[in-house]
Amino acid sequence: MYHKKRFSQDYIIEKFTMGKIPMTEAFNKFFNYHELNIEERNENRYFREERSLELNIVEKKEKNQEDREKLNKLLEEMDSLIGLEEVKKIIREYIAFIKVQQLRERYQLKTSPVVMHMIFKGNPGTGKTTMARIIGKIFNEIGYLQGGELIEAERADLVGEYIGHTAQKTKKLLERALGGVLFIDEAYSLARGGEKDFGKESIDTIVKAMEDYKDKLIIILAGYRDEMNFFLRTNPGLASRFAIQIDFPDYTIDELVQIANLMYKEREYILDEKSKHYIYRILSEIRYKEIINGNARTVRNLVERSIRQHARRIIKQKNISKKDLIYITKEDLIGEEGNNEKMPCNRDA
Amino acid sequence: MKKCLVTGMPNVGKTSFVINFAEYMGVKELKLHVKQVAGYTAINNYSLDEARRKLISVKDNATKEVQLIKLEIAKGKSIKELQLIDSCGLSDGIHPDEEVRLAMARTLKLIRDTEFILHIIDINNIKKDKKDRDILLPVDRLILDYASLEKRYAILANKMDLSCAELNFKLLKNHLRDIIVIPISSLYKEGFKEVKKMVLSYV
């Protein structure tokens, strides 16, 4: 990353003439231009993995093709999320597992029930909700769920005001979520009030529903790591019922930079050479100060603010070219002087 | 002197465009400056027919050297010079021949250093079957993305004389709204008027 530009360009040319990298890669790297071009390296990965399964299926080939393309797109969407390798691996495992179960059913072999309830532990902004949404779509696509909607809920949606009200309220919500994913954020708050709190009633209802609607509903409980661990300890049956417990680790700084690049790419902006290095600096400084807040959401705020700054800077120019409209410079990241929008490092680099 | 690079994928008609365009611009005898690998420039003289016979080939990557043609263009009362640079075509993947790879690397450097790029696309060679995907081939897309942003740039849609070209041209035009696309047929010298206009605006 810190090579001199010319040097690295010569290096790429050399690699290309030696026949080590293909044209497209050489072109992208040579012009330092890979941000806007869609990388297709994840394409067809799923095909390869699943081919052994496909051999058995002869009928309904065309429909399968269509379905698989949809599924591929969803998996691509999942792969485009940065980091979270463990989660992706687990999801792939379960997709394969469910598919095998479906195939076994077709040949009238014994099948084992698939229970997909999950617990997500991690700090805010580590991708829990995003992942839940994609999971809903994927399992809807392979036919495990019907409807596939993600319903987000929190304590207030589940717990009622008087005795007997909570169970009804929770049940209603569960029925609404049937065929989809029920995502309960900050689930530990259900156990916070102690013995007499209505939250307990809600938990009991949920636990019962998990048994009743085993294969019609995915319940995901999410929250901070320590609080969730405490929550699981309060109700001994709970931990064993959630087979899948996934940790969402904090992003590393490299991953945060990748996320920032991706966000710019989605919005069709590019960081120029200087700001590319500078964003590293900003993010590591944020991370150093406040671990909990230094995650994807912070990056999004940073990106959005820099885009606003970019607009403010650009509008003053006389001639605005396409290039100006695309490139984000270091000044945009720093922000304007006297702009007190909580800038992490106004000092010069 | 202004330079203009003619680039594109192999076998789209770069060399034939250069020769025929030179003829269209009034060149009687072709003085081809060929840059040798050793560093010096050789000047090869061809008559136009001879050039067509010797330089244009049906094979991929027939042109390996960087070939320059100097054009004199009358603009108003003054005469401007323009170097038309013909280069090796860029193909996807890793080419088995090292010589060709070297030539492609030279083209890459030329793309970086030249201000004015004419990108030739074989109009019959665009993807039509998938709806939402890109209709350009990956290498073409790369050149377009880079050059349309950084350089003065136009796409020449070659081989317009073939039968299904009209349809494809409409597709392409719809797809690339903010980019200059000129339909030409370098074999029959059609559409050169627009190219000349474009070149004149540059020199």
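Buried area is the accessible area (1.4 Å probe) that two parts lose on being put together, summed over both. Between chain B and chain A it comes to about 2,400 Å², with 66% given by carbon and sulfur atoms. B:L108, B:L142 and B:L149 supply 28% of the area that chain B buries against chain A, more than any other three residues.

This is a predicted model, in which local features need pLDDT of at least 70, side-chain atom pairs count only at pLDDT 80 or more, and totals for chains, interfaces and linings use all residues. Residues are numbered from 1 along each chain as its sequence is written.

**The interface**
- In contact (heavy atoms within 4.5 Å) are 26 residues of chain B and 26 residues of chain A.
- The rule finds one salt bridge across this interface (a side-chain nitrogen of Lys or Arg within 4 Å of a carboxyl oxygen of Asp or Glu).
- A:K322 forms a salt bridge with B:D178, with the closest N and O atoms 3.8 Å apart.

**Salt bridges within chain B**
- B:K54 and B:E50 form a salt bridge at 3.6 Å, N to O.
- Both lie in helix α2 (residues 48–55) of chain B, four residues apart; helices are DSSP runs (H or I, at least four residues), numbered from the N terminus.
- B:R112 pairs with B:D113 in a salt bridge, the closest N and O atoms being 3.1 Å apart.
- B:R112 is buried at 15% relative accessible area, whereas B:D113 is partly exposed at 49% (buried means under 20%, exposed over 50%, partly exposed in between; 1.4 Å probe, protein chains only).
- A network of salt bridges links B:E23, B:D49, B:R52 and B:K189.

Terms used:
Chains are lettered from A and ligands numbered from 1 in the order in which they are written. Side-chain values use heavy atoms; hydrogens and water are left out. Helices (H or I, at least four residues) and strands (E, at least two) are DSSP runs, numbered from the N terminus.
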